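Colleague: I want to go through the labels on this model one by one. Please set each against its definition.

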Amino acid sequence: MLIGSHVHQEDPLGIAAAEDADVIQIFLGDPQSWKKPKPRDDAEALRTASIPVYVHAPYLINVASPNNKIRIPSRKILQQTCDAAVDVGAKAVIVHGGHVTAGDDPDAGFARWRKALEQLESEVPVYLENTAGGDHAMARHFDTIARLWDDIGDMGIGFCLDTCHAWAAGESLIDAVDRIKAITGRIDLVHCNDSHDEAGSGRDQQVDAAEAPVICETADEGRKDDIALLKDRLGG
């Protein structure tokens, strides 16, 4: 099992080596910006690295939005992020599910997701990540994810399970992997985050059951120990 971390954009391979990470995740630009990612000087090094590289898309992407001033730029920056991910040899691009507004039909949000994927031209897979909050979110509650998957599951999209997001959304972690696999058929990546709560101690069991690479999205200080702990617990 590959276990690694989300690392800073500066010297990601150096950080990976220092943390004994088997896999890394990075942003390719400002996660709170619509700006196109800039070419990286270390693109070739990342592309030829011995460890897999995943890219997290900007947080503000919301391809489900009824507001075209958000939806259209979201499609654009997702395309640009996927293009930039190819340059660094990324295994996949992870993107949040977004949300509709209070007066909007969730089914319309699902349809907008499908249209976004229909328009996307990418050599790199896109993974949908479950999110923590929002009453009208596309990927907060597992039953909503199931409805979204009915619309987009046949389009080659993958799934990233975030343990902290699932916990914050009110989903039980005991059987989270089984329930998501029943919806999507698989889990392609795990974001393993500390929920700072005893109930979150079940995360190791979920990580093992997911049978997917693991990214620790924990604080810089102590993250090396987090990776070592997971490797010890999971026999990595």
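Modeller: Start with accessibility: buried means under 20% relative accessible area, exposed over 50%, and partly exposed in between (1.4 Å probe, protein chains only). This is a predicted model, where local features need pLDDT of at least 70, side-chain atom pairs count only at pLDDT 80 or more, and totals for chains, interfaces and linings use all residues. Residues are numbered from 1 along each chain as its sequence is written, and side-chain values use heavy atoms, with hydrogens and water left out.

Colleague: Why does tyrosine 59 count as partly exposed?

Modeller: Its relative accessibility is 39%, so tyrosine 59 counts as partly exposed. Phenylalanine 27, at 10%, counts as buried.

Colleague: How many aromatic pairs does a search of the whole structure find?

Modeller: Three. Rings of Phe, Tyr and Trp (its six-membered ring) pair if their centres lie within 6.5 Å; planes under 30 degrees apart count as stacked, over 60 as edge-to-face and the rest as tilted.

Colleague: What makes the pair of phenylalanine 27 and tyrosine 59 edge-to-face?

Modeller: The ring centres are 5.3 Å apart and the planes stand at 80°, so the pair is edge-to-face. Phenylalanine 27 sits in the loop between β2 (24–26) and α2 (43–47), and tyrosine 59 in the loop between β3 (53–56) and α3 (68–87), so the pair ties together parts 32 residues apart in sequence. Helices (H or I, at least four residues) and strands (E, at least two) are DSSP runs, numbered from the N terminus.
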